[in-house]
Amino acid sequence: FRTKMNKEFADTAETPLTKEGQATFRKINFFPVKMKYYVKAKLIVTPTEEPFEMPRSKGNTGTYRKYGTATFTLHGKSYWVSVYQFMKLANDDKYKNYLFLPFKDMTNGKQTYGGGRFLDLEIPEGDTLIIDFNKAYNPLCCYGNPKYSCPIPPKENHLEVKILAGEKKYKGD
C-alpha cells in the first residue's frame, strides 16, 4: 500500500502534488504500522438509506449513500462510524464493492491533516468489516493542488480517540 502510494506521488503523470510539491517530494510520511489499528468491525447494513449530498472542501458536494454502520473496539473502548458508497461509482463493475470511510480523530491538525483522513474498504461477504487504519490516507486536496475538492468527514465520523496510524500530516500544509 505504502510503496504504491509513494510510486504514484513520485510519478509526474499520477501525482496530486503541485509543481512546487513535486520538487521537494521524497516520500509520504506515515506512522509505523501497528496491528492494534487493524480492527474487525461489525457491519450493520442500512439498505433503506437514501442518497445525500456530502459537502466537499470547495463548497460543492458529492452524492453518497450511507451503506452501513461499523462498530469496533480500539484501546478497549467501543466506537462506531458510518461507511458510504459514492454513487458515481456504485454502478461501475470495478468499484461496485467499494466503500468509503472519511473520518476525523484527535490527531487532526497536530500529527495528521486537519481536515481528516480517508480509508477505502470493500463490502465484506458477511458482517465483519476489516478497517485497517494503517492505510488511512490524506485527502488529495491537502497537497495544495487546486484541482481537487475533497469530501468533508461527517460529524458522525469524528472519533474521540487518537489514531496514530496511517498517513501523517503533509509537510507542505
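Author: A salt bridge joins the side chains of K96 and D93, at 3.9 Å from N to O. The term salt bridge is used here for a side-chain nitrogen of Lys or Arg within 4 Å of a carboxyl oxygen of Asp or Glu. This is a predicted model, in which local features need pLDDT of at least 70 and side-chain atom pairs count only at pLDDT 80 or more, while totals for chains, interfaces and linings use all residues. Residues are numbered from 1 along each chain as its sequence is written, and side-chain values use heavy atoms, with hydrogens and water left out.

Reader: Is D93 buried or exposed?
Author: D93 counts as exposed, at 62% relative accessibility, and K96 is partly exposed at 42%. Buried means under 20% relative accessible area, exposed over 50%, and partly exposed in between (1.4 Å probe, protein chains only).

Reader: How many salt bridges does the structure hold?
Author: It holds 4 salt bridges. One of them pairs D105 with R117, whose closest N and O atoms are 3.1 Å apart. This pair links distant parts of the chain: D105 sits in the loop between β5 (98–103) and β6 (117–122), and R117 is in strand β6, 12 residues apart.

Reader: And D105, buried or exposed?
Author: D105 counts as buried because its relative accessibility is 7%. R117 is also buried, at 0%.

Reader: What does K4 form with E8?
Author: K4 and E8 form a salt bridge, with 3.7 Å between the closest N and O atoms. Both residues lie in helix α1 (residues 2–10), 4 residues apart, which is about one turn of the helix. K4 counts as exposed at 57% relative accessibility, whereas E8 is partly exposed at 30%.

Reader: Changing topic: how many helices and strands are in the protein chain?
Author: The chain has 2 helices and 7 strands. Helices (H or I, at least four residues) and strands (E, at least two) are DSSP runs, numbered from the N terminus. Along the sequence, their order is α-α-β-β-β-β-β-β-β.

Reader: What are the spans along the principal axes?
Author: The C-alpha trace spans about 45 × 35 × 25 Å.

Reader: What share of the residues counts as buried?
Author: Of the 173 residues in the protein chain, 46% count as buried.
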